[in-house]
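Q: Before we turn to particular features, could you show me how to read a model of this kind, taking each idea in general and then in the case at hand?

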Amino acid sequence: MTASQWFFSFLKKYRLNLITELILVTFSSVLTIVNPYISGIIVDDVIKGGHKELLLNLVLLLIITTVVRSIIRYMYLFIFEKTSQRMLCTMRDYVYRRFLEEDFTFYNKNRTGDLMSRQTGDMDAIRHFVAFVIYSIYENSLLFFIALVMIFTVDYHLALCMIAVMPLTVFITCKQLRAIKPAFHNIRKRFSSLNTAVQENVSGNRVVKAFAKENFEIEKFNRENDGYRDAELNAAAIWRKYIPIFEFLSSTLTFILYLVGGIMVVKGSISLGKLVTVSGYLWMLNNPLRMAGWLANDYQRFVTSVEKIHSTIKEEPVIKTPGKAVVHKRFKGEIEFKHVNYRAEDDVILTDINFRISPGQTVGIIGTTGSGKSTLMNLLCRFYDVTDGEITIDGINVKDMDLYCLRNNVGMAMQDVFLFSDTIEGNIAYGNPACTFEEVQEAAKIADADGFIQNMPEDYDTIVGERGMGLSGGQKQRISLARALLKNPSIVILDDTTSAVDTETEAHIQSQLNALANRTVFIIAHRISSIKDADVILVLNNGKILESGNHESLIAKKGYYYTVFNHQYGEFDKYIGARQKGGRYNG
Ligand code: ATP
Ligand code: MG
């Protein structure tokens with residue numbers, strides 16, 4: 001589907017409104033014939049012919065026509081505005097749904113600021129086109145055509161002289177459209193960058209302050225701001241060259257009329273009244289020419305925006321529910337990775353991963369940073385697809401499963417915690433909004449979050465997230481853990497979820513988690529204490545499973561795990577030893 005087909009698929013839904021609107025525009029345009037025509041009669045028949053009795057009726061007719069035109073104009077302006085807003089609402093909704101359908105790769109590629117621009121500035125250019133440009137192009141073309149026909153009925157010589165400027169107008173309009181296109185593309189690009197700069201600075205405001213980089217960021221923003229201004233000025237420099245040409249062409253019509261028409265009146269080939277009639281139609285020829293440059297601008301702005309939005313969402317997400325998907329309400333939680341390889345672009349991230357987990361087992365994953373622990377879980381949830389091999393849950397390949405059903409069975413507390421601008425209760429109940437308050441509190445108790453929540457100003461009703469109360473790293477992690485547990489999933493993934501809580505709290509959380517039956521739990525951690533009680537421990541290094549087994553067997557192996565254990569617990573022993581001797585730990 002091309003960008004224009006995509007746009008028309010939305011416009012099509014409002015075709016009845018559009019037809020009604022265009023019929024009203026046609027009525028209004030046809031009525032414009034009346035006033036110049038009557039003006040001609042007033043000059044020829046009333047003023048020159050002496051039929052004074054006609055004047056009142058003719059003026060009355062002028063007033064009635066004007067009132068009727070005004071009413072029709074009000075109606076179609078209102079309907080066009082309404083249609084454009086309704087269409088845009090549908091379009092925004094569609095684009096938003098597409099954003100939500102998109103996979104992680106899409107969000108890795110597109111900046112937040114770009115996506116915000118698609119939903120704001122670009123949508124507004126489309127709204128302006130539907131609300132104003134469509135009827136303006138139609139109305140102006142119609143007025144031009146009607147005026148020409150009317151002038152033809154008065155005198156075809158005069159009409160032909162008027163038409164002479166037409167080919168030049170069409171040629172210049174096409175030239176302007178072509179010239180302005182890259183400039184508008186540049187404007188959209190710059191606008192996206194400006195949005196991104198603002199969004200990143202507002203979101204990363206704490207980092208900016210912590211590093212005292214306000215001046216650097218102001219300079220960076222100024223560059224974006226200047227870039228956007230220059231892009232707009234560059235476009236203006238292009239259309240500025242064309243607008244006076246259209247002005248000149250429209251004035252040429254006035255020169256032609258008074259020169260050719262004047263000679264004809266003097267020679268007596270047309271009456272003065274006819275000349276008044278034709279000059280009454282003159283604005284109907286002038287106005288479209290004057291508007292041509294502006295409408296060409298608005299049209300190109302619209303085309304650019306449609307192309308931008310369409311190119312952002314045209315590619316179907318790679319990861320989606322297959323045609324004949326397997327729908328399982330609840331998994332048992334048996335998980336197997338068979339010869340799984342994962343490459344991102346040309347980087348090898350995971351190599352030949354093989355393991356099998358029985359339902360209800362707890363799996364600990366440990367390894368150096370960047371060894372592929374989070375990626376392993378991202379593949380299980382199908383945030384990315386394996387390059388080779390397969391991952392099965394209860395014997396079914398995750399690629400054959402209904403995506404919603406797969407992810408609904410997984411409760412994930414992600415490494416980078418994100419809380420919505422909502423109450424604590426709303427955040428915990430995010431995956432299961434129909435739950436009772438008691439269930440929210442129960443999940444918070446397991447995550448050892450109930451205590452600190454009760455101490456907050458409005459306990460569970462305290463607003464957190466972007467515009468809410470500040471929370472400590474460990475508090476955020478515990479809310480995120482409670483959120484993952486409240487879904488009552490058959491598979492729980494805790495990615496570095498207790499890294500920011502003290503060991504005592506962690507031990508408490510773990511004893512609570514151990515009490516939960518019928519769940520396969522993955523615990524990713526850097527601390528041995530977080531995973532040593534797991535049924536299976538996977539040690540990852542450089543995208544490969546280096547060792548696996550339980551704590552005892554891995555210690556007995558005296559390999560990597562043993563070294564890490566010694567390092568962590570050895571240091572601890574040294575510290576305790578130093579304290580007992582009353583000395584200071586320097587290790
Ligand atoms: P940490 O302990 O720091 O959380 P990790 O073991 O969870 O590390 P991953 O996040 O799985 O590490 O990343 C593993 C490697 O894969 C890293 O080198 C990372 O840069 C790379 N990587 C992860 N996702 C992508 C991606 N979408 N595109 C390219 N590279 C990626
Ligand atoms: Mg990670």
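**Reading the chain and its sites**

A: Let us begin with charge, where Lys and Arg count as positive and Asp and Glu as negative, with His and the chain ends not counted. The protein chain has 64 positive and 62 negative side chains, and the centres of the two sets lie 6 Å apart, the place of a charge being taken as NZ of Lys, CZ of Arg, CG of Asp or CD of Glu.

Q: What conventions stand behind such values?

A: This is a predicted model, in which local features need pLDDT of at least 70 and side-chain atom pairs count only at pLDDT 80 or more, while totals for chains, interfaces and linings use all residues. Residues are numbered from 1 along each chain as its sequence is written, chains are lettered from A and ligands numbered from 1 in the order in which they are written, and side-chain values use heavy atoms, with hydrogens and water left out.

Q: How many helices and strands does the protein chain have, and what is its radius of gyration?

A: Helices (H or I, at least four residues) and strands (E, at least two) are DSSP runs, numbered from the N terminus, and the protein chain has 22 helices and 10 strands. Its radius of gyration, taken over C-alpha atoms, is 36 Å, well over the 25 Å that the globule rule (2.2 Å times the number of residues to the power 0.38) gives for 587 residues, so the chain is more spread out than a compact globule. Along the principal axes, the C-alpha trace spans about 125 × 50 × 45 Å.

Q: Are Ser-374 and Asn-378 buried or exposed?

A: Buried means under 20% relative accessible area, exposed over 50%, and partly exposed in between (1.4 Å probe, protein chains only). Ser-374 counts as partly exposed at 21%, and Gln-415 as partly exposed at 41%. Asn-378, also found in helix H13, counts as buried at 14%; leaving out residues up to four places away in sequence, Asn-378 touches Phe-104, Phe-383, Tyr-384 and Met-412, where contact means heavy atoms within 4.5 Å.

Q: What is Trp-239 in contact with, beyond its neighbours within four places in sequence?

A: Trp-239, found in helix H11 (residues 214-267), is in contact with Gln-176, Ile-180, Trp-294 and Asn-297 once those neighbours are set aside. Its relative accessible area is 21%, so Trp-239 is partly exposed.

Q: Which residues other than glycine have a positive phi, Ala-212 and Asp-448 being my examples?

A: Most residues other than glycine have a negative phi. Ala-212, in the loop between helix H10 (205-210) and H11, has a phi near 50 degrees and counts as exposed at 60% relative accessibility. Asp-448 has a positive phi of about 55 degrees; this residue is found in the loop between helix H16 (437-446) and helix H17 (450-454), and is partly exposed, with a relative accessible area of 24%.
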